[in-house]
Amino acid sequence: MDASRIPTVQSMILSETTEERKDALDQLLPMQQQDFEQIFETMQGHPITVRLLDPPLHEFLPDKEELLVDVTKLQLTEPYSFKIQEKQKFLRKVRL
């Protein structure tokens with residue numbers, strides 16, 4: 001998967017409300033549509049098989065240890081920053 005898409009997939013996976021999930025899916029739809037259009041164009045009418053698999057979630061989520069290190073560093077260097085709150089929230093979601 002293109003690295004630029006990972007934040008959108010993470011938003012979809014970690015969404016807390018139906019509206020958040022719908023917003024993320026609305027962003028993913030054009031990406032997936034473009035992928036399929038390219039596949040069909042490349043195959044020039046030849047048959048293709050599309051397999052729908054559930055990807056392992058850990059491949060799309062940030063590493064818990066890295067997040068924990070980031071949070072710890074921020075606690076030591078910027079204990080009152082907005083960044084630390086965001087990282088902590090993200091870490092709580094990833095731990096679930």
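In helix H1 (residues 6-14), the buried residues are Thr8, Val9, Gln10, Ile13 and Leu14, where buried means under 20% relative accessible area with a 1.4 Å probe and protein chains only. This is a predicted model, in which local features need pLDDT of at least 70 and side-chain atom pairs count only at pLDDT 80 or more, while totals for chains, interfaces and linings use all residues. Residues are numbered from 1 along each chain as its sequence is written, and side-chain values use heavy atoms, with hydrogens and water left out.

**Helix H1 and Gln10**

- The buried residues of H1 pack against helix H2 (18-43) and helix H4 (82-95); helices here are DSSP runs of H or I with at least four residues, numbered from the N terminus.
- Gln10, which has its place in helix H1, is buried, with a relative accessible area of 15%.
- Leaving aside neighbours within four places in sequence, Gln10 is in contact with Phe60, Leu61, Pro62 and Phe90, contact meaning heavy atoms within 4.5 Å.

**Helices H3 and H4**

- Helix H3 (residues 64-77) and H4 pack at an angle of about 155°, with their axes 9 Å apart, the axes being lines fitted to C-alpha atoms over the stretch in contact and the angles running from 0 to 180 degrees between N-to-C directions.
- H3 is therefore roughly antiparallel to H4, a term that applies to angles over 145 degrees.
- On the H3 side the contact is made by Lys64, Leu67, Leu68, Asp70, Val71, Leu74 and Gln75, and on the H4 side by Lys83, Ile84, Lys87, Gln88, Phe90, Leu91, Val94 and Arg95.

Notes. Buried < 20%, exposed > 50% of the residue type's maximum accessible area, 1.4 Å probe, protein only. Helix = DSSP H or I, 4+ residues; strand = E, 2+ residues; numbered from the N terminus. Parallel < 35°, antiparallel > 145°, perpendicular 65-115°, else oblique.
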